[in-house]
Amino acid sequence: MNFSYRKAVAKGTVSLAVALLAIFTIANQIEAQTNPVPETSNPTTTNTETTTETKTDAPESKDSEIGLIKLFNTGGWSMWPLLLSSIVALGVIFERLYFFLTAKLVRKGYNQDLQDAIDANGLAGAENFIKENDGQRISFVLKNGMEVSQNDPEIFASGVEREASEVITLLEKGLTVLAAVSTIAPLVGFLGTVSGMINAFDAIANADQVNAKVVAGGIKEALITTAAGLIVAIPAMTFYQYLQGRVAFFTSEVEEAANKIYKEYLKKKASGKVS
């Protein structure tokens with residue numbers, strides 16, 4: 001499970017890095033088109049003039065540097081809901097990761113050891129095994145199912161189902177938020193893209209002469225918001241799938257363990273030993 005966790009974190013980190021690299025590459029290309037380097041008209045320019053031009057161009061070069069804050073401001077209004085959704089998603093991710101890493105759901109080899117205990121001593125062996133592994137969440141589910149079973153397999157199955165549903169509800173807490181963020185964030189980004197393209201065409205309509213500088217602002221806004229939406233959505237979807245996998249794994253382990261005990265109740269009932 002720790003390996004799966006590290007793998008999911010690595011995937012999220014790689015996704016963020018790729019998206020950020022795409023933003024900076026696109027923004028730098030647009031910025032280069034907006035501020036072209038002037039050609040030198042006189043190759044015999046004196047050292048004094050060259051020094052003066054270098055000093056004059058230095059502030060412009062500094063202003064052209066792209067930073068995260070400038071990118072955020074360039075993205076326009078849609079960056080604010082994306083920022084809010086990213087904060088919410090990160091909060092849910094960290095809380096859920098902490099919960100799954102600290103909660104003792106089911107240890108490795110639990111069902112095999114349970115089967116060995118049943119083979120050795122039947123239902124009594126299963127009860128003793130569950131008591132010995134009382135710290136596991138799966139043991140809590142099975143124990144409560146056996147306590148209400150009255151040696152009836154159907155009642156046991158109903159009890160386990162009820163207890164398991166309560167635990168699974170706790171495990172799935174917050175996952176709907178991640179699913180919503182991973183779905184809505186790209187839509188907000190695309191809405192920002194449409195807004196940026198509207199601004200670009202509006203600038204074209206109001207300009208006497210159309211050039212790259214006229215439309216650069218709107219296109220830059222469109223590309224940044226698209227990338228920002230994906231930056232928020234990709235990690236949210238990655239961790240949503242990972243956490244859903246953890247829930248599904250626990251569910252399958254409970255079903256397998258409950259089925260082993262259920263069969264023992266059926267055998268006991270069929271042999272006429274049920275009181």
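This text walks through a predicted model, from the whole chain down to one residue. Local features need pLDDT of at least 70, side-chain atom pairs count only at pLDDT 80 or more, and totals for chains, interfaces and linings use all residues. Residues are numbered from 1 along each chain as its sequence is written, and side-chain values use heavy atoms, with hydrogens and water left out.

Start with the whole chain. Its secondary structure comes to nine helices and zero strands. Helices (H or I, at least four residues) and strands (E, at least two) are DSSP runs, numbered from the N terminus. Of the 275 residues, 38% count as buried, meaning under 20% relative accessible area with a 1.4 Å probe, protein chains only. Now take contacts, that is, heavy atoms within 4.5 Å. Among those between residues at least 6 apart in sequence, 79% join residues at least 24 apart.

Next, find helix 4 (residues 79-102) and helix 8 (residues 175-206). Their axes come within 10 Å and cross at roughly 160°. An axis is a line fitted to C-alpha atoms, for helices over the stretch in contact, and angles run from 0 to 180 degrees between N-to-C directions. That makes helix 4 roughly antiparallel to helix 8, since angles over 145 degrees count that way. The crossing is left-handed: the near helix is turned anticlockwise from the far one by less than a right angle. Among the residues that meet are Pro81, Leu82 and Val88 in helix 4, and Val177, Leu178 and Gly189 in helix 8. By class, this contact has 11 nonpolar, two polar and no charged residues. Ala, Val, Leu, Ile, Met, Phe, Trp, Tyr, Cys and Pro count as nonpolar, Asp, Glu, Lys and Arg as charged, and the others, Gly among them, as polar.

Stay in helix 8 for Ser182. Is Ser182 buried or exposed? Ser182 is buried, with a relative accessible area of 8%. Its side chain reaches the backbone oxygen of Ala179 at 2.8 Å. Not counting residues up to four places away in sequence, Ser182 touches Ala233, Ala236 and Met237.

Finally, look at helix 5 (residues 110-132) and helix 6 (residues 137-147). Their axes come within 14 Å and cross at roughly 30°. Helix 5 and helix 6 are therefore roughly parallel, the term for angles under 35 degrees. This crossing is right-handed, with the near helix turned clockwise. Tyr110, Leu114, Leu123, Glu127 and Ile130 in helix 5 meet Ile138, Ser139, Leu142, Lys143 and Met146 in helix 6. These residues divide into seven nonpolar, one polar and two charged.

How values were computed
Parallel < 35°, antiparallel > 145°, perpendicular 65-115°, else oblique. Buried < 20%, exposed > 50% of the residue type's maximum accessible area, 1.4 Å probe, protein only. Polar contact = N/O pair within 3.5 Å; in protein donor to acceptor, adjacent residues only side chain to side chain.
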